[in-house]
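My entries follow in the order in which I went through them.

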Amino acid sequence: MAIKKLLIANRGEIAVRIIRAARDLGIATVQVYSKADKDSLAVRLADESVDIGPPQASKSYLNQAAILAAAQGSGADAIHPGYGFLAENAEFAAAVEAAGLIFVGPTAQSIRLMGDKVAAREAAASAGVPTVSGSQGRLESVEAAFALVEKTGFPVMIKAAAGGGGRGIRIARSAEEFHHLMPQAQAEALAAFGDGGLYVEKLIEGARHIEVQVLGDGRDVIHCFERECSLQRRRQKVWEEAPSPSLTQAVREKLCTSAVALAKAVNYRGAGTLEYLYDDRTGEFYFLEMNTRIQVEHPVTEMVTGIDLVREMIRIAGGEPLRIRQNEVRVSGHSVEVRINAEDPARNFLPNPGTVSALSVPGGDGVRFDSMLYAGYTVPPFYDSLLGKLIVHDKDRPSAIRRLESALAELSVEGISTTKPLYQALARDADVKAGRFHTAWLEPWLESHAAGLATAQPPSAAKVAP
Amino acid sequence: MATQQIFSPLPGIFYRKPAPDKPVYKNDGDVVAESDTIGLIEVMKSFNEVKAGAAGKIVRFLAENEDAVMAGQPIAEIDV
């Protein structure tokens, strides 16, 4: 059943992105919004909009009943969850289907399976995908865990089975630390996720974060190659690129094949991403987790493959089989994305909501700006700080980084501080230019470069428009 | 004794407790020191403590737990 009217159960730049993809497909759009998002760009662009409650996400964007009522009231036949909020909530996916609507994403069963990090590791292992050495299943006792880490050796990461996205991770470098941290981690996991189940993994220091984009229709699965997202602050990605500057062709082939094997093993439907750690000293990669949704950094894959991932996921949800064969997916050139956040890098990334007094957006060949901004827009304080993403594409990596510098110079968001100065500094950095980094590279770099990250024109000094 | 107001330093969501399953920082009628935390403001997913700012006795809270507040909005009254 082809989708005729799509409700977007999200906000910000991804809501805008989904509206555009739906319009390209001739699908009408319904944007739900909280009171704080009444004036958002997504509401302006959508064909219809529905108020679903107060600013607090728990009372609006996480309010399943209000979203389902908005879908039924507006006559929408499908719901796109975006990322975050309800995107990886199996109960919501099931409730959408139970209401006779289409959930643009995988089945509730796939979400549940991959959401349990222990079950996901087991699925990976049985599909022949390498995982970091560690516990086979969840650990319920400190003694059992300790017996295991005596074999793997330190350092180890203690992770919550119900966690994800870097939450609830502790690193133990000695037996003493391990005995100190295990009970803490257990109590915290129970409080945070309602599930005290833990697992332990060997920590691979100096590893890179590489992920593979897949598209499936519930029967067949293809990959759209990889992205490297090693530049992270507090386990949040800030700079992503495709292809990875660190993979050899042989490893790329093996990595992407392993991702397809795992996604096929679970009959995956929709767009998904398999995250891996990659040790470029040994050439070994290890499955971390699968994200069963569209990701923030999906545009770099779109830029190098020419595939519109959001459009494809909507088509698949409408019942179409995959239209692209694996041998038709080719990578051309290089793409980099940087996340423009409402944070001040000169003040330890202090969040910075407020009114955008003026806005200049970069343009030209190979430059894309996916954002929720317009001049005069007031960024609400209630949600995450992502304002938009600047994405560039060029024939190779050095050219793409040059193009990024030039696009950043054209980008001007006045009235609020943004992370733009961080990317200007990174684009000039010799290690970044050489692709020499890993997931723990950026934080020490920030310590030593804090002084150079001051916003060129602080908001207080910004000129007032005549 | 004079009554003063404690203002939210930032826009965001106001919380009276350090975590959902913990008791409130302060109750109406509690005596507070200047550096005591009386609540949290969540701004773009980062949590910032709100200090009493003056020693005294809390008369009453003007903002409820999980209220959306603006920067400069009074959130409690205090007798100093």
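I began with strand β6 of chain A, residues 156-160, and found that β6(A) pairs with β7(A) in the antiparallel sense over three bridges. Two strands count as paired if DSSP finds at least two bridges between them. Strands are DSSP runs of E of at least two residues and helices are runs of H or I of at least four, both numbered from the N terminus. I noted A:M157 opposite A:I171 of β7(A).

The model is a predicted one, in which local features need pLDDT of at least 70 and side-chain atom pairs count only at pLDDT 80 or more, while totals for chains, interfaces and linings use all residues. Residues are numbered from 1 along each chain as its sequence is written, and chains are lettered from A and ligands numbered from 1 in the order in which they are written.

I then asked which order the strands of this sheet have. The sheet is open, with three strands in the order β7-β6-β8 (chain A) and antiparallel pairing. β7 (170-172) and β8 (198-202) of chain A are at the edges with a single partner strand each, so one side of each has no neighbour in the sheet. Neighbouring strands here are turned by 30° against each other on average, direction ignored. Axes are lines fitted to C-alpha atoms, for helices over the stretch in contact, and angles run from 0 to 180 degrees between N-to-C directions.

Helix α7 of chain A, residues 142-152, lies across β6 and β8 of chain A and runs at about 10° to β8(A).

Next I took a helix pair of chain A. Helix α12 (residues 397-410) and helix α13 (residues 420-428) of chain A pack at about 150°, with axes 10 Å apart. On the α12(A) side the contact is made by A:I401, A:L404, A:E405 and A:L408, and on the α13(A) side by A:K420, A:Y423, A:Q424 and A:A427. Contact requires C-beta atoms, placed from the backbone, within 7 Å.

I turned to chain B. The UniProt record, an unreviewed entry, annotates residues 3-79 of chain B as "domain: Lipoyl-binding"; such annotations may be inferred rather than shown by experiment. Over residues 3-79 chain B is 0% helix and 51% strand, and the end C-alpha atoms are 4 Å apart. β6(B) and strand β8 (residues 74-79) of chain B run antiparallel, joined by four bridges. B:K57 stands opposite B:D79 in β8(B).

Last, I looked up the contact between chains: eleven residues come from chain B and twelve residues from chain A.

Conventions: Two residues are in contact if their C-beta atoms, placed from the backbone, lie within 7 Å.
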